[in-house]
2 protein chains.
Amino acid sequence: MSVEKHPEKRENTNFVFIGSKPLVNYVKSVLIQLDKSQESQVTIKSRGKFISKAVDVAEIVKRSPLPLNSKITIKNISTASETFKTRDKETNVSTMEITLSK
Amino acid sequence: MSVEKHPEKRENTNFVFIGSKPLVNYVKSVLIQLDKSQESQVTIKSRGKFISKAVDVAEIVKRSPLPLNSKITIKNISTASETFKTRDKETNVSTMEITLSK
């Protein structure tokens, strides 16, 4: 039993955060995590302008064949907003989570 | 009974296509369509880099109060890919549909 330092990141759920790296990096990350026998699903998290990229990653992963011949499907997509406080005003940024499962 | 020329576009479903206009234009379009008493849902369509903007529109609309005090919720989000043929190779573009209902 390992000590859980980050309670929000459970051991049976994997996250991939989309940022400014090349698209293929994130596709590989998701595929590697899905390929692990214990992991049946991966959640792609994104915010702001990276949401488009997250959808690209999900669509590419969906078309990718897994070694075990299992099919990858999009299980759930959810959106939300986060509020930032800058000096004078509040700014909202949209966030999106795409859960893929095999 | 009206003749249905476009079977995929039913009369009780409205679409808003996201493009390069300012964000507020699309927010207004969606709100106006949702405000019509007959229309209970609107689908926001987007592709490629405009997907992020579509999520922004949906999130802003979700927070907007309607005159009739009805609540707007995201009913469904779906993604897909479209394939283009350029001279030498095929290019894929991601698409997204967000259905809002009141």
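This is a predicted model: local features need pLDDT of at least 70, side-chain atom pairs count only at pLDDT 80 or more; totals for chains, interfaces and linings use all residues.
Two strands count as paired if DSSP finds at least two bridges between them.

In chain A, strand 2 and strand 4 (residues 90-101) run antiparallel and are paired over 7 bridges. Within this pairing, Q41(A) faces S101(A) of strand 4 of chain A. Strand 4 of chain A also pairs with strand 3 of chain A, again in the antiparallel sense, here over 12 bridges. One of the places to look for this second pairing is F84(A), whose bridge partner in strand 4 of chain A is T91(A). Strand 3 and strand 4 of chain A are joined as a hairpin, through 4 residues.

E82(A) pairs with R47(A), and their closest N and O atoms lie 2.4 Å apart. Over all chains, the count comes to 6 salt bridges.

Strand 2 (residues 41-47) of chain B pairs with strand 4 of chain B over 7 bridges, in the antiparallel sense. T43(B) has T99(B) of strand 4 of chain B as its bridge partner. T99(B) also stands opposite N76(B). Strand 3 of chain B and strand 4 of chain B are antiparallel and joined by 12 bridges; among the facing residues are S81(B) and, in strand 4 of chain B, S94(B). These two strands form a hairpin, with 4 residues between them.

How are the two chains placed relative to each other? Chain B is superposed on chain A by a rotation of 180° with 0.0 Å of shift along the axis, at an RMSD of 0.0 Å. The two copies are therefore related as by a two-fold rotation axis. The same surface serves both copies, with 100% of the contact residues of chain B recurring in chain A. Of the residues of chain B, S52(B) comes closest to the rotation axis, its C-alpha being at 2.6 Å.

At the interface, 20 residues of chain B are in contact with 20 residues of chain A. About 1400 Å² is buried between the chains, and carbon and sulfur atoms give 50% of that area. S52(B), I77(B) and T79(B) supply 32% of what chain B buries against chain A, more than any other three residues. Between the chains, the count is 0 salt bridges, while 15 residue pairs are in polar contact, both residues of each pair being at pLDDT 80 or more. On the side of chain B that touches chain A, the elements giving two or more residues are helix 2 (51-63), strand 3 (73-85) and strand 4 (90-101) of chain B. Helix 2 of chain B provides the largest share of that side, with 7 residues. By class, the side of chain B that touches chain A holds 7 nonpolar, 8 polar and 5 charged residues.

Terms used
Residues are numbered from 1 along each chain as its sequence is written. Chains are lettered from A and ligands numbered from 1 in the order in which they are written. Side-chain values use heavy atoms; hydrogens and water are left out. Copies are superposed by least squares on the C-alpha atoms of residues with pLDDT of at least 70 in both. Contact means heavy atoms within 4.5 Å. Buried area is the accessible area (1.4 Å probe) that two parts lose on being put together, summed over both. A salt bridge is a side-chain nitrogen of Lys or Arg within 4 Å of a carboxyl oxygen of Asp or Glu. A polar contact is a pair of N or O atoms within 3.5 Å; within protein, one must be able to donate a hydrogen and the other to accept it, and residues adjacent in sequence count only if both atoms are side-chain atoms. Ala, Val, Leu, Ile, Met, Phe, Trp, Tyr, Cys and Pro count as nonpolar, Asp, Glu, Lys and Arg as charged, and the others, Gly among them, as polar.
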